Amino acid sequence: MTASPAVLKQAALSVAAHRRIKRWLPPTPCIASRMSFDDDTGLFFKAENFQQTGSFKFRGALSKLTSLSTEVPAITASSGNHGLALATAAQMTGHDLTVVLPETVAREKLSRIKALGVETILHSNDSGLAEQHAQVLAKEQGKIYVSPYNDPQVIAGQGTIALELLEQLPRLDVVYVSIGGGGLISGIGSVLKAFSPGTRVVGVSAINSAALAASIRAGHMVDVTHSDTLADGCAGGVDQGSITLPLGTEVIDTLIDCSEDQIADGLRHLAWTEKMLVEGSAGLAQAAWQLDAPNRQGKVSAVILCGANFDQDRIAPVIGSVQ
């Protein structure tokens, strides 16, 4: 199936973004699993947990800010990683920035954002409500609102992950990507459908907060109940009219939903078998690989380890518990 003009345009934006930001952003490693397999199965980890800000979000932040004039201040909302990425990028580009975060943001993420000197505002206990508040402030104060996901330039930055993967792996059959607002999978999926259409794109949601997956299945935006999840970076609602709905609908081949126990299993596997400590959203993608055994056997897979900005008090009991 040929990619649509919208997907091809988004992939082209990633190519342009890659040229624009690569001087600040060296490729992250693609690490082979420590596991051994009896067949042609292969497992690799795209280690965005080693990104400068500890998350893939730094790519989208740099892509967006390098496309904007520094004359108009910017504002964003984030569950933590996007805000930290934009705050770091703003130091490099010289943009004035305000970050709105939910009151439930991980303490480490909040302290790191504040340390970068940007204005921070805590609002509500829900990422979606924090986004709505930031959008209102943007209109009232004449600032540019930078969405964590509903923005072609942000999505373009995330898509540079796939450009690197295609250079790092001579064969890539399946990629597992965690879903929040959909910016990561829209970027990665658009690049893959443009340049490697045979690669199966698997989108992974936490059952406790799966707004975009539910909307893709319904064919339109739907409201879902959001509960606490280990994959806190993927939690929260999605904007009405978000471009990630049509993009995600086209580029995602398979949707997998994971329970909290399954996410915890993914985190423990990464910690004890692969020797990597990551945040819950990265464990979510690994959980899907573990669940998808019949469909990835004999295939070369990449799991996107989207970040490592975890709350120690929350992750330590999970990885230390008996499986």
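The buried residues of helix α8 are covered by elements that include β8 (200-206), α9 (244-251) and β9 (254-258). This is a predicted model, in which local features need pLDDT of at least 70 and side-chain atom pairs count only at pLDDT 80 or more, while totals for chains, interfaces and linings use all residues. Residues are numbered from 1 along each chain as its sequence is written, and side-chain values use heavy atoms, with hydrogens and water left out. Helices (H or I, at least four residues) and strands (E, at least two) are DSSP runs numbered from the N terminus. By covering I mean contact, that is, heavy atoms within 4.5 Å.

Which residues of α8 are buried? In this helix, residues 211-218, they are Ala211, Leu212, Ala213, Ser215 and Ile216. Buried means under 20% relative accessible area, exposed means over 50%, and partly exposed lies in between, with a 1.4 Å probe and protein chains only. After α8 comes Gly219, with a positive phi near 85 degrees.

Let us turn to helix α4, residues 107-115, where Lys109, Leu110 and Ile113 are buried. These residues are on the same side of α4, because they cover an arc of only 100 degrees around the axis; the arc is that of the directions from the helix axis to the C-beta atoms. In general, an α-helix has 3.6 residues a turn, so residues three or four places apart point the same way. Arg107 and Ala115, on the other side of α4, are exposed. The cover over the buried residues of α4 includes α3 (81-93), β4 (97-101) and β5 (119-122). Gly117 follows α4, and its phi is positive, near 85 degrees.

Next, a helix pair. At what angle do α1 and α2 pack? Helix α1 (residues 5-21) and helix α2 (residues 57-65) pack at about 90 degrees, and their axes are 10 Å apart. That makes α1 roughly perpendicular to α2, a term for angles of 65 to 115 degrees. Axes here are lines fitted to C-alpha atoms, for helices over the stretch in contact, and angles run from 0 to 180 degrees between N-to-C directions. From α1, Ala17, Arg20 and Ile21 meet Arg59, Leu62 and Ser63 of α2.

Arg59 leads us to the salt bridges. A salt bridge is a side-chain nitrogen of Lys or Arg within 4 Å of a carboxyl oxygen of Asp or Glu, and the whole structure holds 10 of them. One joins Arg59 to Glu48, with the closest N and O atoms 2.8 Å apart. Arg59 lies in α2 and Glu48 in the loop between β2 (42-47) and α2, so this pair ties together parts 11 residues apart in sequence. Both Arg59 and Glu48 are buried.

Glu164 also forms a salt bridge with Arg59, the closest N and O atoms being 3.0 Å apart. Since Glu164 belongs to helix α6 (residues 152-168) and Arg59 to α2, the pair ties together parts 105 residues apart in sequence. Glu164, too, is buried.

Finally, Asp228 forms a salt bridge with Arg314, the closest N and O atoms lying 2.6 Å apart. Asp228 is in the loop between α8 and α9 and Arg314 in helix α13 (residues 312-320), so parts 86 residues apart in sequence are tied together. Asp228 is exposed, at 58% relative accessible area, whereas Arg314 is partly exposed, at 30%. Through shared partners, salt bridges join Lys46, Glu48, Arg59 and Glu164 into one network.

Technical notes: Parallel < 35°, antiparallel > 145°, perpendicular 65-115°, else oblique.
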